[in-house]
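Entries are kept in the order in which I made them.

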Amino acid sequence: MASFKRLALKAAGALVATLIAAALLPAQAQTQTPLPSAQGDRLSVTVSGGEFQPTPIALPRFSTKDPAANELAGDIWTVVRDDLVNSGLFATVEGGPANESLAVQPQFAGWQQIGAQALTLGELSMEADGNIAVEFRLWDLVSQQPLKQARYRADPTGWRRVAHIIADDIYEQLTGDGRYFDSRIVFVEESGPKNRRRKRLAIMDSDGANVTYLTSPNVLVLTPRFSPVDQELTFISYQTGQPQVYLLNLRTELQQILGELPGMTFAPRFSPDGQRVILSLERSGSTDIYLMDIATKRLRQLTNSIGIDTAPSFSPDGSKVVFESDRGASQQIYVMNADGSDQQRISFGDGRYGTPVWSPRGDLIAFTKMQGGQFHIGVMRPDGTEERLLSSGFLNEGPTWAPNGRVLMFFRETRGENGLPQLYTIDVTGRNERRLVTPAGASDPAWSPLLR
């Protein structure tokens, strides 16, 4: 178990450490030129409304002056393109002027003729110390002004991170939304028939690449969750034969039991500052929500109701907690202050509600709803208003938010004794549902904060 974990954690740590520097171009080149606004002659990406169409962008293959780096330049370009297209907000257009260069101004008319509204040019170079440098520029073809220009250096093994960061740069500039491509996802990999399912922790890039394993398939693990401030996980493990809450730091490789907790423990999740873990603890037939300080191991009870209170999730400012409870004879969503006071039910629609998760933006709560023989992934405001169902299926569960609060991931299990869970993403508008391919079955995903 120890050597298995060490190998996986070293791989995960290497991914974090590969980005050596993110050096912007000289100061005068870093400055964004203000875009004209008098006649509205600038690119505007609309991300709502019933008639939404992906914004057409030109993204010619990244160039290089080193023939030996030609394949790598193509790989970086492919990841950038796939990130943007898979977001559902962009569509790449083919054609346009050939042999464009970062050294001269683009041929704007030629790109506009093929219907593009934005243009990205990129160039890869190999440096004397063996590292790579990737420079790119993003142009608004409506105003014919630069939007973003940057140069990134990295170890050659870090090329995927560079690609994700460039895609984030483009996405952020064109949509105004936050970044999310340069992040990771931890999940439970599942294999075997449903009555003998083997489960282990796995981690991968946001696009499903670089899958590595963090635990042995011989030990049952459940509910992995990322710290909002670090590359650290909390999860339930049956390594000792009883469910225990573990902490795993992906940078230091340190794994430890959170504390000796009496009774059954469920659904641990970090506080926004990463200093505490909120969880459910079963004592004397009652399941309530507790808060534990990681440093002192002090445990504080927040709820005390008849029934089961579980699946707690902090608001991003740490002032409130959302959770599910069956105290009213039906599984519903409640919100309370972080000290346990002012507990209020917020879900009142038909059906049962569970697994609530607060958005990083603070504006929405995602949930699972069980109604009409189906499981739905939905969102609502923190006061319970404006409920919207985004996706429905035989068994949809476990929503988790991307770092920018715009995209949700969840898992869907297929019918039958050999059915396996699979991961899906969907935009918060309900558009662009996509399956994220994994080597085996995958459940209970948790999205990391942006890498640093």
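I looked up what stands opposite leucine 222 and found isoleucine 236 in E11. This is a predicted model, and I read every value below as computed from it. E10 covers residues 221–226 and E11 covers residues 232–237. The two strands run antiparallel and are joined by four bridges. I then checked burial in E10: five of its six residues are buried, so the strand is largely enclosed by the rest of the structure.

**Aspartate 169.** I next went to helix H5, residues 159–175, where aspartate 169 lies. Setting aside neighbours within four places in sequence, I listed the contacts of aspartate 169 as Phe136, Lys148, Ala150, Tyr152 and Arg179.

**Aromatic pairs.** I searched the whole structure for aromatic pairs and got 10. One of them is phenylalanine 90 with tyrosine 171, with ring centres 6.4 Å apart. The planes of these two rings are at 70 degrees, which is over 60, so I noted the pair as edge-to-face. Phenylalanine 90 is in strand E3 (residues 90–92) and tyrosine 171 is in helix H5; the pair links distant parts of the chain, 81 residues apart. Phenylalanine 90 and tyrosine 171 are both buried.

Tyrosine 171 also pairs with phenylalanine 181. I noted 5.5 Å centre to centre and 80 degrees between the planes, again edge-to-face. Phenylalanine 181 is in the loop between H5 and strand E7 (184–191), while tyrosine 171 is in H5, so this pair ties together parts that are 10 residues apart in sequence. For burial I wrote down a relative accessible area of 1% for tyrosine 171 and 3% for phenylalanine 181; phenylalanine 181 is therefore buried as well. Which residues form one aromatic cluster? I found Phe90, Tyr171, Tyr180, Phe181 and Trp447.

**Charges over rings.** I looked up two arginines. The charged end of arginine 200 sits over the ring of tyrosine 213, at 3.6 Å from the ring centre. Arginine 327 has its charged end over the ring of tyrosine 334, at 4.8 Å from the centre of that ring.

**Salt bridges.** How many salt bridges does a search of the whole structure find? The count is 23.

Aspartate 82 forms a salt bridge with arginine 81, with 3.1 Å between the closest N and O atoms. I have aspartate 82 as partly exposed at 31% relative accessible area, and arginine 81 as partly exposed at 26%.

Lysine 369 forms a salt bridge with glutamate 387, the closest N and O atoms being 2.8 Å apart. Lysine 369 is in strand E23 (residues 365–371), and glutamate 387 is in the loop between strand E24 (374–380) and strand E25 (388–393). This pair links distant parts of the chain, 18 residues apart. Lysine 369 has a relative accessible area of 5% and is buried, whereas glutamate 387 has 30% and is partly exposed.

Glutamate 386 and arginine 381 meet through their side chains in a salt bridge of 3.4 Å, N to O. Glutamate 386 is at 52% relative accessibility, over the 50% limit, so I counted it as exposed. Arginine 381, at 29%, is partly exposed.

I also recorded a network of salt bridges that links Glu127, Asp129, Arg151 and Arg153.

**Alanine 338.** My last entry is on a loop. Alanine 338 is placed between strand E20 (332–337) and strand E21 (344–345). I compared its C-alpha atom with that of phenylalanine 314, 24 residues apart along the chain, and got a separation of 7.7 Å. Which residues does alanine 338 touch, not counting residues up to four places away in sequence? The list I wrote down is Leu302, Phe314, Gly318, Ser319, Lys320 and Val321.

Conventions:
Residues numbered from 1 in each chain as written. Heavy atoms only, no water. Contact = heavy atoms within 4.5 Å. Buried < 20%, exposed > 50% of the residue type's maximum accessible area, 1.4 Å probe, protein only. Pairing = 2+ DSSP bridges. Phe/Tyr/Trp six-rings, centres within 6.5 Å; stacked < 30°, edge-to-face > 60°. Lys NZ or Arg CZ within 6 Å of the ring centre and 35° of its normal. Salt bridge = Lys/Arg side-chain N within 4 Å of Asp/Glu carboxyl O.
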